Amino acid sequence: MNCYKGTAVTSEKEFDQLLQNGNFVSIATLPWGGSYLPDSRGIVSPDYVTGGIWVGLSTIEPYQNIRATVNEFDGRVWEDSCLEFFVNPMPEKGLSYLNFENNSLSAMLCGVHNGEIDGQPEGYCAADFRMRLTRVPADEKRLFWSVRFFIPFSYIKRYFPDFNPVPGMKITGNFYKCGDLCPIPHYLSWSPVIWPSPNFHRPECFGEIIL
């Protein structure tokens, strides 16, 4: 199992500084083969002062392979060029999890899979997660784009009432880069996914994350 230790921060500003030179993991496993391997990374930072988990995801892609069509919240962002973070806050209780998926147009999808809900919860928008998008040309042929968002502990506790965040606790999760309908369809992960066909909803394959 892959293992990653997030660097704790105490504010949004401190996390934004960490994004410049933090402890990133590489999203570079190709569970279902292929040769498209854009430089994609993820980072997680617990923030016990603000009360939540900061997540940063980034990639550098050729312009010609970027699909960006979805604008609405909870739309089919996985069909576009997409960066994703899935997390199981209480792996000791089973394989329930939350998923956060983002394209390069600031469209976000958030999902809950806890045995009672299996899909998108109502009443949220990207602003609730402080989602921020960055798009910067990497060179003449490639675009650097990234998303940063915040998962409040209160949001997690709403669907996992017994969740009790403490420094050093172990959760599980995975970082993904995909694009189902991109000119070059692709599926990349941080922790390997053992499944016969593309499917990121495999919490049994999540890696360990230490907060």
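This is a predicted model: local features need pLDDT of at least 70, side-chain atom pairs count only at pLDDT 80 or more; totals for chains, interfaces and linings use all residues.

**Entry 1: one residue to begin with.** Leaving aside residues up to four places away in sequence, I listed what Phe-149 touches: Ile-53, Trp-54, Val-55, Leu-57, Phe-85, Phe-100, Asn-102, Met-108, Phe-129, Arg-130 and Met-131.

**Entry 2: the cores.** Next I asked which residues have the most contacts inside the largest nonpolar core. They are Val-44, Leu-57, Phe-85, Phe-100, Phe-149, Tyr-155 and Phe-175, in a core of 45 residues.

**Entry 3: the whole chain.** I then stepped back to look at the overall build. I noted two helices and 13 strands in the chain. The C-alpha trace spans about 45 × 40 × 35 Å along its principal axes. For 211 residues, a compact globule would have a radius of gyration near 17 Å, and the chain's 16 Å agrees with that. Buried residues make up 52% of the chain's 211 residues. I looked at contacts between residues at least 6 apart in sequence, and 64% of them join residues at least 24 apart.

**Entry 4: aromatic pairs.** How many aromatic pairs are there? I have 22 aromatic pairs in my notes. One of them is Tyr-4 with Trp-190, an edge-to-face pair at 6.4 Å centre to centre with 75° between the planes. Tyr-4 lies in strand E1 (residues 3–5) and Trp-190 in the loop between strand E12 (186–189) and strand E13 (207–210), so this pair ties together parts that are 186 residues apart in sequence.

Are these two residues buried or exposed? Tyr-4 counts as buried because its relative accessibility is 4%, under the 20% limit. Trp-190 has 7% relative accessibility, so Trp-190 counts as buried too.

Trp-190 has another partner: Phe-175 and Trp-190 form an edge-to-face pair, with 5.6 Å centre to centre and 75° between the planes. Phe-175 is in strand E11 (residues 170–179), 15 residues from Trp-190 in the loop between E12 and E13. I wrote down 0% relative accessibility for Phe-175, which therefore counts as buried.

I also marked one aromatic cluster, formed by Trp-32, Phe-86, Tyr-97, Tyr-176, Tyr-187, Phe-200 and Phe-206.

**Entry 5: charges over rings.** I found the charged end of Arg-202 over the ring of Trp-195, 3.6 Å from the ring centre. The charged end of Arg-130 sits over the ring of Phe-150, 5.0 Å from its centre.

Arg-130 is in the loop between strand E8 (118–119) and strand E9 (132–137), and its phi is near 55°, a positive value in a residue other than glycine. Arg-130 counts as partly exposed, because its relative accessibility is 35%. Ser-106 also has a positive phi, near 70°, and lies in the loop between strand E6 (97–103) and strand E7 (108–113). At 32% relative accessibility, Ser-106 is partly exposed.

**Entry 6: cysteines.** How many disulfides does a search of the whole structure find? The search finds zero. The cysteine sulfur nearest to that of Cys-110 belongs to Cys-125, 9.4 Å away. For Cys-178 the nearest is that of Cys-82, at 4.5 Å. A disulfide needs sulfur atoms within 2.5 Å, so Cys-178 is in none. Cys-110 is buried at 0% relative accessibility, and Cys-178 is buried at 1%.

**Entry 7: a proline in a loop.** Last, I visited Pro-183, in the loop between E11 and E12. Pro-183 has 57% relative accessibility and so counts as exposed. Not counting residues up to four places away in sequence, Pro-183 touches Gln-64 and Asn-65. The C-alpha atoms of Pro-183 and Asp-80 are separated by 9.9 Å, and the two residues are 103 residues apart along the chain.

Conventions: Residues are numbered from 1 along each chain as its sequence is written. Side-chain values use heavy atoms; hydrogens and water are left out. A nonpolar core is a set of buried Ala, Val, Leu, Ile, Met, Phe, Trp, Tyr and Cys residues joined through side-chain atoms within 4.5 Å. Buried means under 20% relative accessible area, exposed over 50%, partly exposed in between (1.4 Å probe, protein chains only). Contact means heavy atoms within 4.5 Å. Rings of Phe, Tyr and Trp (its six-membered ring) pair if their centres lie within 6.5 Å; planes under 30 degrees apart count as stacked, over 60 as edge-to-face and the rest as tilted. Helices (H or I, at least four residues) and strands (E, at least two) are DSSP runs, numbered from the N terminus. A charge sits over a ring if NZ of Lys or CZ of Arg is within 6 Å of the ring centre and within 35 degrees of the ring normal. The radius of gyration is taken over C-alpha atoms; the globule rule is 2.2 Å times the number of residues to the power 0.38.
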